[in-house]
Amino acid sequence: MDLIQNIFNAGIVGCGGAGFPTHVKLNAKPEYFIINGAECEPLLRTDRYIMTNLADQLIAGADAILQALNIKNGYIAVKDHYKEEIAALQKAINDAGSSMQIHLMESFYPAGDEQVIVYEVTGRVVPPAGIPLYVGAVVDNVATVLAIADAIEEKPLTDKYLTVTGEVKSPVVLHVPVGTSFTQCIEMAGGALIRDYIVVAGGPMMGRTMSKEEAERTVVTKTTSGILILPVDTKIGNRFETDMKHMLNRAKSACIQCSFCTDMCPRHMLGHPLKPHKIMRKMAVSTDVASLLDDPDIRQASICCECGICETYACPMGLNPRTINGMLKKELAKAGIRYERKENSWTPNENRDMRKAPTMKVAYRAGVGKYYDYSIKKCLEAIPDVVEIPIKMHIGAPSEPCVADGQCVAKGQLIAKCPEGKLGANIHASISGTVELVKDCIKITG
């Protein structure tokens, strides 16, 4: 059985991003295969744990991809201060006689952005609204390649590595079944140290912020990379509680058109025609968003990667260009307006290297600096009594359940299929037990 079929059977999707089905991404003939080991978000330690402790499996998965796709240029991009990780990876490469190479990067945010990492490794600029394959590259993150190594052994993606940190007693990396509750994950980290808190699923810059009550109803999915427990009164908490109307009113009254948001924008620095300060200017004088959707400057919002540099790091007035861009992207999508590229080439800004935002400074600006230097070496595992596995954990169509109420299943058994002819992914039981079909998820009681 070929590698792509194994990946499809295993239900692998991008473990560190939006969950694009990996069997589709790797069904290509790229010049470069890049493993993203930059661990883009401050505070997360998941990929660093994998690179340090599971380097042999990671390189085995990478070699299988290089061989199957006949790729001659394989790189794993890591930050240059990851000394332990680099040593473990180099040993694994040497032991395996692998052709993979380590590409060292500075510690800046967002070093792990797909388009940024492609430029750092290859010197090629991915076009606006494009994908790395447009310039001959494919990028997968560390956890995804580890899952591919398992798929070669016909092991499906049923468990996730993730970081639990912030205001918890014992920050930790967990390895738990998909469908494990956030509540149990927090308990495995010793519980929250504070009574009132917010929860971020992912990292502090791009993660999804939710209330304590919402987190109690949330479970680990194939794309969960971290769970952060933060005080309600942090900068991230304040952003969570500020509604769009208030953000727009603040933009109207306080935006000074300094253009720092544009000057620091990672995509603008790659030469993309994204200028957040112009978007803010036009939003500040408008009373109707719909009337602006035909404006060329407003349409540039669709190529924003929503990294948050503009609002967390660059803006001296504490405004929210990233959040406003995100709102505009949704409105443009609703209107069926897609970004149209008119240029044929893009030249990075000559000041790009000087405008890279240091990761530690970004963490402090985001209000999470006190957790930045937490050393997380321990990994805990658990088998919960109950899991609730969503049938939509990926880009594409929801998976179709292929089990019935009351049916007994074993861990690793297929429980939901990728719809035939559609973009999607298979889903497997993450624990052994009895099935209960619930709206939008499959509940298994062990």
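Contacts between helices α11 and α14 of this predicted model bring L248, A251 and K252 in α11 against M280, M283 and A284 in α14, where contact means heavy atoms within 4.5 Å. The residues of this contact comprise 5 nonpolar, no polar and 1 charged; Ala, Val, Leu, Ile, Met, Phe, Trp, Tyr, Cys and Pro count as nonpolar, Asp, Glu, Lys and Arg as charged, and the others, Gly among them, as polar. Helix α11 covers residues 244–254 and helix α14 residues 276–284, and the two pack at about 100 degrees with their axes 8 Å apart. Axes are lines fitted to C-alpha atoms, for helices over the stretch in contact, and angles run from 0 to 180 degrees between N-to-C directions. The pair α11 and α14 is therefore roughly perpendicular (angles under 35 degrees count as roughly parallel, over 145 as roughly antiparallel, 65 to 115 as roughly perpendicular and the rest as oblique). Helices (H or I, at least four residues) and strands (E, at least two) are DSSP runs, numbered from the N terminus.

Residues are numbered from 1 along each chain as its sequence is written, and side-chain values use heavy atoms, with hydrogens and water left out. Local features need pLDDT of at least 70 and side-chain atom pairs count only at pLDDT 80 or more, whereas totals for chains, interfaces and linings use all residues.

On the α4 side, Q57, L58, G61, A62, A64 and I65 take part, meeting V142, V145, L146, I148, A149, D150 and I152 in α7. The residues of the α4–α7 contact divide into 10 nonpolar, 2 polar and 1 charged.

Helix α4 itself (residues 55–69) has 15 residues, which at 1.5 Å a residue should span 21 Å, in agreement with the 21 Å between its end C-alpha atoms; the expected span is 1.5 Å times one less than the number of residues. Buried residues of α4 include A55, L58, I59 and G61, together with A62, A64, I65, L66 and L69 (buried means under 20% relative accessible area, exposed over 50%, partly exposed in between, with a 1.4 Å probe and protein chains only). Packing partners of these buried residues are α1, β1, α3, β2, α5 and α7. Just after α4, N70 has a positive phi of about 55 degrees.

Helix α6 (residues 114–122) is largely enclosed by the rest of the structure, because 7 of its 9 residues are buried. These are Q115, V116, I117, V118, E120, V121 and T122, and the buried residues of α6 pack against β1, β2, β3, β4, β5 and α13.

Turning to the sheets, 6 strands form an open sheet with mixed pairing in the order β9-β8-β10-β6-β7-β12. Its edge strands are β9 (208–211) and β12 (379–381), each pairing on one side only, and the twist averages 25 degrees from one strand to the next. Two strands pair if DSSP finds at least two bridges between them. Strand β7 (residues 172–177) runs parallel to β12 and is joined to it by 3 bridges; H175 has E381 in β12 as its bridge partner. Helix α3 lies across β6, β7 and β12, at about 125 degrees to β6.

Another open sheet has 4 strands in the order β13-β19-β18-β15, with antiparallel pairing. Strands β13 (386–390) and β15 (408–409) each have a single partner strand, so one side of each is left without a neighbour in the sheet. Between β15 and β18 (residues 433–438), which run antiparallel, there are 2 bridges, and C408 has T434 in β18 as its bridge partner.
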